[in-house]
Amino acid sequence: MRRIFKKAVRRKCWHMYKYLLSDFHGTIVDANSAWIKAYEILGAKNMDDVIRRVYQKEHRKNIADDYNLNYDEVVETYRQNLHIRPEVVKLLHNIPGSQNIIIVSNAHKDKLYKDIKQVEKEHDLNICDVFCKEDGSKKEQSLYPIIIAKYHIKNAYMVGNDIREDFCLNSIITNIFIPYKKTLLYNDKL
């Protein structure tokens, strides 16, 4: 990945006292809207059902299968419709310590890197490192100790959109939430 792991950018991260950790899907990018648009473009018949299932985080392949859609085509169309949330990126750049962003995601590495590459065309996100599903779990809190140790973090912010997944229990991390209204509407367990 061309800009993600530039040595100069990595060095900047090591010398910062505050860090900005951020979820990617749903926080920096409007992933749900991109998935919904993909299903709509490819002909899913019951869009109310699709919307509900997307916001409830049902596996996207199951939705495609139920509507007899080719999952690879759904993923390609999703990626073409993936865009940053400009209001969130603006907020991220105004948080102290946000010169470089550490992505903390439960997505698989391959998907995450492709999605980052897609939106980097739109906006330079100043990403200095990426931690994904293969590195640990946000929900089980196993990713955060790895990041804290690697960067010798004394204090940081974690920005996310879903309190069920983007909440760090560590006392040196301050949590900031930017939820989708529809996530709240379609999830009675929040």
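Which residues of H3 are buried? They are Met 47, Asp 49, Val 50, Ile 51, Arg 53, Val 54 and Tyr 55. The views below take this predicted model piece by piece.

Residues are numbered from 1 along each chain as its sequence is written. In this predicted model, local features need pLDDT of at least 70, side-chain atom pairs count only at pLDDT 80 or more, and totals for chains, interfaces and linings use all residues, while side-chain values use heavy atoms, with hydrogens and water left out.

**View 1. The whole protein has 9 helices and 5 strands.** Helices (H or I, at least four residues) and strands (E, at least two) are DSSP runs, numbered from the N terminus. From that end, the elements run α-β-α-α-α-α-α-β-α-β-α-β-β-α. Of the 190 residues, 49% are buried. Buried means under 20% relative accessible area, exposed means over 50%, and partly exposed lies in between (1.4 Å probe, protein chains only). Contact means heavy atoms within 4.5 Å. Among contacts with a separation of 6 or more, 71% join residues 24 or more positions apart.

**View 2. Helix H3 is mostly covered.** Of its 9 residues, 7 are buried. One of them is Tyr 55. After H3 comes Lys 57. This residue sits in the loop between helix H3 (47-55) and helix H4 (60-66). Its phi is positive, about 65°, although Lys 57 is not a glycine. Lys 57 counts as partly exposed because its relative accessibility is 38%.

**View 3. His 152 also has a positive phi without being a glycine.** The angle is about 50°. His 152 lies in the loop between helix H8 (143-151) and strand E4 (155-160). Is His 152 buried or exposed? It counts as exposed, because its relative accessibility is 53%.

**View 4. Thr 27 is a buried loop residue.** Its loop runs between strand E1 (18-22) and helix H2 (31-41). Thr 27 counts as buried because its relative accessibility is 0%. Its side chain makes a polar contact with the side chain of Asp 23, at 2.9 Å. A polar contact is a pair of N or O atoms within 3.5 Å; within protein, one must be able to donate a hydrogen and the other to accept it, and residues adjacent in sequence count only if both atoms are side-chain atoms. A polar atom of the Thr 27 side chain also lies 3.1 Å from the backbone nitrogen of Asn 161. Leaving out residues up to four places away in sequence, Thr 27 touches Ser 22, Arg 85, Val 88, Val 159, Gly 160, Asn 161 and Asp 166.

**View 5. The largest nonpolar core has 43 residues.** A nonpolar core is a set of buried Ala, Val, Leu, Ile, Met, Phe, Trp, Tyr and Cys residues joined through side-chain atoms within 4.5 Å. Phe 24, Ile 28 and Tyr 39 have the most contacts inside this core. H2 gives the largest share, 6 residues. Beyond four places in sequence, the contacts of Tyr 39 include Met 47, Val 50, Val 54 and Val 74.

**View 6. A second, separate core has 16 residues.** It includes Cys 128, Phe 131, Ile 147 and Ile 148. Ile 148 is in helix H8. This residue counts as buried because its relative accessibility is 16%. Neighbours within four places aside, Ile 148 is in contact with Ile 153, Asn 170, Ile 172 and Ile 173. From Ile 148 to Ile 172 is 24 residues in sequence and 9.2 Å in space, C-alpha to C-alpha.

**View 7. Asn 70 caps the N-terminal end of H5.** A side-chain oxygen of Asn 70 lies 2.8 Å from the backbone nitrogen of Asp 72. The helix spans residues 71-80, and its buried residues are Val 74, Val 75, Thr 77, Tyr 78 and Arg 79. Their cover includes H2, H4 and helix H7 (109-120).
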